Amino acid sequence: MMDHILLEKYADLIVKTGVNIQQGQTLVIFSPIECAPFARTIAEVAYQTGARDVVISWKDELFSKIRFLQAPEEVFEEFPEWQKAFYTSYVKEGAAFISIAASDPELLKDVNPDRVAKVQKTSNIALKEYRERLMSNKNTWCVVSIPTQSWAKKVFPHLSEDEAIKALWEAIFKTVRVEEEDPVAAWDQHKKNLKVSAEFLNNHQFKFLRYKNSLGTELEIELPADHIWLGGSEYTTEGIEFIANMPTEEVFTLPKKTGANGIVVSSMPLNYNGNLIENFSLTFKKGKVVEFTAEKGYEVLKKLIETDEGSAYLGEVALVPYDSPISNAKILYFNTLFDENASCHLAIGKAYPICIKDGKNMSKEELDQLGVNDSLTHVDFMIGTHDLEIIGVTSAGKEIPVFKNGNFAF
Ligand code: ZN
Ligand code: ZN
């Protein structure tokens, strides 16, 4: 087991800086059963910090695999009312949400991808209101991770199980700055640094970003008028500051739905629903994926892109320097929370309405008019490389280097 003091510091950081729990607020924690001791530590800190109540929703991935393999087909299209009510009622009452994202990256590789896609779609439909509230920052939320056995072994296959878990703990603690003497102060500084990059991009209001690297990426992305680059912390409609992902190294905004043209090549495997999609490329025409390839996980990628109309379009553009601390550790996590923060990435699917001026108060139709993509899904995938070049083009046609040799050029 890890150093108890570090664990408490980590829980403290998640509760106070992550979701920034408020007096009298309810906290909902989604946790794998393997992570129960840590979920309990978070709960304790939350009560001590003023949470009115804490609710833990346990996930058991091994059982979920049994169900995928054994249950009759029709259950994969059902989403129980009581479960929907769980999410919807807590989100409406203004609860904060912490998710512990830790899973076996290849858990479902032997499961029929049809079933996995069905479950994903069914739950995305049932939880649409919940997800929309989170993506519009109506509630505070934070995704974090701690090691589980199967995951640690995948990240450090040459180590014994115990050593792998220890190595993954150490890596995670570094990425979330828990080893610093004062993690809260370290995060304050980090937030400031990210805001500087976001400000540069906001001031330029680029009309296009042009990507190019030696993997074969050659992509132009149009950004809508009044787009907003965000990074570090975010604010709810009520003005509560929170950090949606820990770690986070990205600044991000949204693309114009119909504005992507060209080809983009993945630079890291993508763990999607317990399956890996590897060495893939997407070709865009007027924003839409018109062609795609994948050396591994082609069917899974196909199902993802075919989720609905919006899942064939992009919903996020995020910049992360190749020399970010997570990237420099040279660890492939097979967990998007970490890998996306080691690499420039894009997301397929729904865009964050908070990334456009007044977006969080706009109707679905208004957002649609401005080119803000909507979809049941939102999945990040990594495209950053050591030689990635990005040119920003202003509406006056002026070209300004944004990325050079994989890092910010300014
Ligand atoms: Zn992102
Ligand atoms: Zn994303």
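The axes of helix α1 (residues 4-18) and helix α9 (residues 183-204) come within 10 Å of each other and cross at roughly 50 degrees. This is a predicted model, in which local features need pLDDT of at least 70, side-chain atom pairs count only at pLDDT 80 or more, and totals for chains, interfaces and linings use all residues. Residues are numbered from 1 along each chain as its sequence is written, chains are lettered from A and ligands numbered from 1 in the order written, and side-chain values use heavy atoms, without hydrogens and water.

**Exercise 1.** Describe the crossing of α1 and α9 and list the residues that make the contact.

*Step 1.* Axes are lines fitted to C-alpha atoms, for helices over the stretch in contact, with angles from 0 to 180 degrees between N-to-C directions. Helices are DSSP runs of H or I with at least four residues, strands are runs of E with at least two, and both are numbered from the N terminus.

*Step 2.* The angle of roughly 50 degrees makes α1 oblique to α9. Here is the scale: under 35 degrees is roughly parallel, over 145 roughly antiparallel, 65 to 115 roughly perpendicular, and the rest oblique.

*Step 3.* The crossing of α1 and α9 is right-handed, meaning that the near helix is turned clockwise from the far one by less than a right angle.

*Step 4.* From α1 come K9, L13 and T17, and from α9 come P183, V184 and W187; contact means heavy atoms within 4.5 Å. By class, the contact of α1 with α9 has four nonpolar, one polar and one charged residues.

**Exercise 2.** Now work through the pair α3 and α5.

*Step 1.* Helix α3 (residues 61-70) and helix α5 (residues 113-126) have axes that come within 10 Å and cross at roughly 115 degrees.

*Step 2.* The crossing of α3 and α5 is right-handed.

*Step 3.* In α3, R67, F68 and L69 meet R115, V116 and V119 of α5. Sorted by class, this contact of α3 with α5 has four nonpolar, no polar and two charged residues.

**Exercise 3.** Find the places of F334, D358 and P247, and decide whether F334 is buried or exposed.

*Step 1.* Most residues other than glycine have a negative phi, and most peptide bonds are trans.

*Step 2.* F334 is not a glycine, yet has a positive phi of about 55 degrees. The loop between α11 (325-328) and α12 (336-339) holds F334. With a relative accessible area of 12%, F334 is buried; buried means under 20%, exposed over 50%, and partly exposed in between, using a 1.4 Å probe and protein chains only.

*Step 3.* D358, also not a glycine, has a positive phi of about 65 degrees. D358 sits in the loop between β16 (345-349) and α13 (364-369), and counts as exposed at 52% relative accessibility.

*Step 4.* From M246 to P247 the peptide bond is cis, with omega near 10 degrees. P247 belongs to the loop between β9 (241-242) and β10 (251-253).

Notes:
Ala, Val, Leu, Ile, Met, Phe, Trp, Tyr, Cys and Pro count as nonpolar, Asp, Glu, Lys and Arg as charged, and the others, Gly among them, as polar.
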